[in-house]
Amino acid sequence: MVSRHRFRELKIWQKAMLITKLTYQCSAAFPSDERFGLTSQIRRAAVSIPSNIAEGSGRGSTKDFSQFLSIATGSAYELETQLILAAEFGYLDETRLQSVLDELAELQRMLYGFQKSLQPEN
């Protein structure tokens with residue numbers, strides 16, 4: 001059993017919340033005809049990251065928490081892909097894209113490190 005983490009105190013959750021805010025700000029300027037397409041997809045992927053960290057932190061086992069961190073990591077890579085597409089479509093300028101991608105890369109490293117720290121020593 002793992003002790004439940006206070007997710008709001010986790011740096012990975014805080015970083016994921018920042019990325020979600022940045023994503024909403026970036027996608028606010030997307031064309032209105034993308035509202036149910038790429039805008040929606042990007043926002044769902046972004047929201048999924050801190051949501052899965054929070055949900056996993058409330059689970060009763062390290063294995064469960066690790067699984068939710070894996071889902072959060074997958075959503076981070078999904079978001080990265082979608083942001084790159086948005087830039088390629090001309091919806092996002094290169095400077096803004098790189099700023100969010102830098103934050104995402106840091107979060108991906110943090111998630112990996114945190115997940116590794118949950119694994120038992122061999």
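**A buried serine and the helices**

Reply: Serine 66 counts as buried because its relative accessibility is 15%, where buried means under 20% relative accessible area, exposed over 50% and partly exposed in between (1.4 Å probe, protein chains only). The model is predicted, so local features need pLDDT of at least 70 and side-chain atom pairs pLDDT 80 or more, while totals for chains, interfaces and linings use all residues. Residues are numbered from 1 along each chain as its sequence is written, and side-chain values use heavy atoms, without hydrogens and water.

Serine 66 belongs to helix H3 (helices are DSSP runs of H or I, at least four residues, numbered from the N terminus). Leaving aside residues up to four places away in sequence, serine 66 touches Gln115 and Leu118, contact meaning heavy atoms within 4.5 Å.

Helix H3 (62–88) is also one of the partners of H1: the buried residues of H1 pack against H3, helix H2 (38–57) and helix H4 (94–118). Those buried residues are Ile12, Trp13, Lys15, Ala16, Ile19, Thr20, Thr23, Cys26 and Ser27. They lie on the same side of H1, because they cover an arc of only 160° around the axis, taken from the directions from the helix axis to the C-beta atoms. Lys11 and Lys21, on the other side of H1, are exposed.

H2, in turn, is mostly covered, with 14 of its 20 residues buried. H2 has a kink of about 25° at serine 48, shortly before proline 50; the bend is the angle between axes fitted to the seven residues ending at a residue and the seven starting there.

How values were computed. Helix = DSSP H or I, 4+ residues; strand = E, 2+ residues; numbered from the N terminus.
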